[in-house]
Amino acid sequence: MTWEEMVPLLGQATWETVQMVFWSTLFTVVFGLPLGVALVGTSREGLFPSRVANQLLSLIVNIGRSLPFIILMIAVIPFTRLLVGTTIGLYAAVVPLTIGAVPFFARLVEIALRGVSGDVVQAAHAMGVSRTSIVTKVLLPEAKAALVAGITVTVITLVSYSAMAGVIGAGGLGDLAIRYGYQRFETPLMIATCVVIIILVQLAQSLGDALANRLAARR
Amino acid sequence: MIQAAGLRRTYGDTVALDGVDLHVRQGEIFGVLGQSGAGKSTLLRCVNLLERPDHGTIAVAGQELTTLGERDLRAARQHIGMIHQHFALLSSRTVAGNVAFPLEVMGMGKAERSARVAELLELVGIADKADARPGQLSGGQKQRVGIARALAGNPKVLLADEATSALDPGTTSSILALLKRLNAELGLTILLITHEMNVVKSICDSVAIMSGGAILESGPIRGLLTTPGSRLAAELFPLPAPEPGNVTITFTGAADEPVISHVVRKFDVDVSILGGALEDVAGGSVGRLRVSLAGAETSAALTYLRERGLIVEVAA
């Protein structure tokens with residue numbers, strides 16, 4: 001395969017991967033952030049302590065975390081069809097990607113929120129701040145830098161998951177690597193795909209680091 | 001202003017508060033002095049119910065807190081200021097943002113809020129740092145922000161949780177001076193806990209000494225110092241343990257009357273000075289002298305000293 005043939009294929013696949021990762025990150029944050037807040041909030045020393053709720057949430061998260069993504073992806077196919085109407089293509093892939101990443105991100109949110117000093121939370125209580133306001137005005141803003149770092153790690157995980165989603169015909173760089181690199185022995189394309197993925201990960205990490213550092217520097 | 005009765009709090013087998021009564025009068029600076037683990041922090045946190053006592057009642061400004069529901073308790077807390085050992089500022093907000101935080105929570109409008117913030121920062125002498133981040137401030141400046149934030153809701157009472165323990169001696173004095181000034185200018189009642197005698201000595205009107213979850217003695221400082229057997233006096237003046245027959249003389253006010261030389265001249269006694277110290281406490285000076293008296297008229301000499309208004313304790 002010539003370079004001229006490779007470039008458009010790579011360009012198209014990269015764009016698909018970027019879209020998949022973008023949408024699945026967005027949904028992961030939308031669902032994972034409240035889940036992480038709930039994990040911390042329902043814990044014994046949390047703002048809304050509830051043993052039952054905490055253990056239930058923890059169980060759900062752990063189930064999500066224990067299934068290898070490649071199995072989870074296939075297992076949720078019926079749900080994907082229900083939601084998107086199809087099981088192939090990049091929008092269909094967003095469903096398993098989100099389901100796979102939400103529990104992971106929720107744990108990262110949990111770690112980030114636990115990093116907020118108990119002193120500050122106690123001071124807010126002493127000021128008569130309501131528990132919901134403590135979440136929105138103290139915990140989340142104080143954990144901003146750690147949350148951004150968590151999103152960065154999630155984006156990178158999603159880049160790798162999205163490549164796996166190539167197996168079920170999701171499109172993107174993984175799909176390209178399987179169809180050309182693996183099934184047609186196009187080694188140069190395989191290598192080029194790897195390089196593009198590495199560049200994507202580097203970009204995500206640098207951007208995330210820069211943002212997290214900016215937030216941290218403002219302390 | 002703060003009235004607590006029968007406070008008891010246990011953590012598992014540990015008794016943090018063992019039936020504590022506390023009475024802080026309006027407009028005074030009340031210090032709770034004790035080593036770490038004495039229960040003083042639990043006591044302070046019980047006053048605004050950050051810690052709920054197992055038994056006992058707490059009234060602040062005439063309002064009983066233990067029976068309030070969550071919403072009413074929150075409202076009550078907005079009028080009880082609190083400052084913290086490690087300042088507990090929000091690192092994601094500027095100095096002005098930190099002071100504005102309680103006002104935001106109270107639902108004050110933006111224009112009114114920024115005027116009030118400016119006023120508060122001016123009051124604690126840190127107006128020039130309004131746009132700085134807490135991370136850029138020194139410890140003393142951070143505590144000033146903490147104080148401004150605590151005063152936002154115009155509290156009648158300020159609770160200070162080891163507020164100067166993380167500061168160096170010079171900064172400690174300046175923060176104590178600020179608290180004293182706020183006490184005088186705003187009529188602010190201050191309840192502070194500390195393990196530093198220096199804090200009690202420099203600004204407190206009254207003190208409670210705590211150990212093992214109980215208050216050993218409490219009351220106005222000058223009254224305590226002139227009470228025989230006072231632990232406060234013993235801690236304030238670390239004289240060596242007296243030997244039997246040694247006499248400890250405590251005097252308050254100006255020491256301009258030469259009582260010792262009078263005693264020696266009037267009675268047939270010899271006085272040897274074993275130790276002594278003079279401290280400025282609660283706006284006046286208090287001294288302690290450890291002497292031993294020898295001679296035929298020792299008991300007459302002691303009576304004479306007592307008649308002069310001195311506190312005379314003879315070690316058994």
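This short talk describes a predicted model with chains A and B.

Let me begin with chain B as a whole. It has 316 residues, of which 43% count as buried. Its secondary structure consists of 11 helices and 14 strands. Along the principal axes, the C-alpha atoms of chain B fill a box of roughly 80 × 45 × 30 Å. If we take the contacts in chain B between residues at least 6 apart in sequence, 68% of them join residues at least 24 apart.

I turn now to one strand of this chain, E9(B), which spans residues 206-211. Is this strand mostly covered or mostly open? It is mostly covered, for 5 of its 6 residues are buried. E9(B) is joined to strand E3 of chain B, residues 29-33, by 4 bridges, and the two run parallel. Within that pairing, Val207(B) stands opposite Gly31(B). E9(B) is also joined to strand E10 of chain B, residues 214-220, this time by 6 bridges and in an antiparallel manner. There, Glu217(B) in E10(B) stands opposite Ile209(B). E9(B) and E10(B) form a hairpin with 2 residues between them. In the turn, Gly212(B) has a positive phi of about 55°.

Val207(B) leads us to the nonpolar cores. The largest of these has 144 residues, and Val207(B) is listed with those that have the most contacts inside it, as are Val109(A), Val47(B) and Leu159(B). Which helix gives the most to this core? It is helix H5 of chain A, residues 90-114, with 16 residues. As for Val109(A), when its neighbours within four places in sequence are left aside, its contacts include Leu33(A), Val37(A) and Leu147(A). Apart from this core lies another, of 11 residues, among them Val247(B), Ile249(B), Val291(B) and Ala301(B). As general background, nonpolar side chains tend to be buried together in soluble globular proteins.

Next, please look at an open sheet of 4 strands in chain B, with the order E12-E13-E11-E14 and antiparallel pairing. Its edge strands are E12, residues 270-281, and E14, residues 311-314, each of which pairs on one side only. From one strand to the next, the twist averages 15°. Inside the sheet, 6 bridges join E11(B), residues 247-252, to E13(B), residues 284-294. Helix H11 of chain B, residues 298-307, lies across E11, E13 and E14, and runs at about 150° to E14(B).

Let us now consider where the two chains meet. How many residues does each chain bring to the contact? Chain A brings 17 residues and chain B brings 18. On the side of chain A, the elements that give two or more residues are helix H6(A), 118-126, and helix H7(A), 131-142. The largest share, 6 residues, comes from H6(A). By type, the residues on this side divide into 7 nonpolar, 5 polar and 5 charged.

Why does Pro68(A) count as exposed? It does so because 9 other C-beta atoms lie within 10 Å, and a residue with 12 or fewer is classed as exposed. The C-alpha atoms of Pro68(A) and Glu186(A) are separated by 28 Å, and these residues are 118 apart along the chain.

Methods. Residues are numbered from 1 along each chain as its sequence is written. Chains are lettered from A and ligands numbered from 1 in the order in which they are written. This is a predicted model: local features need pLDDT of at least 70, side-chain atom pairs count only at pLDDT 80 or more; totals for chains, interfaces and linings use all residues. A residue is buried if 20 or more other C-beta atoms lie within 10 Å of its own, exposed if 12 or fewer, and partly exposed in between; C-beta atoms are placed from the backbone. Two strands pair if DSSP finds at least two bridges between them. Two residues are in contact if their C-beta atoms, placed from the backbone, lie within 7 Å. Ala, Val, Leu, Ile, Met, Phe, Trp, Tyr, Cys and Pro count as nonpolar, Asp, Glu, Lys and Arg as charged, and the others, Gly among them, as polar. A nonpolar core is a set of buried Ala, Val, Leu, Ile, Met, Phe, Trp, Tyr and Cys residues joined through C-beta atoms within 7 Å. Axes are lines fitted to C-alpha atoms, for helices over the stretch in contact, and angles run from 0 to 180 degrees between N-to-C directions.
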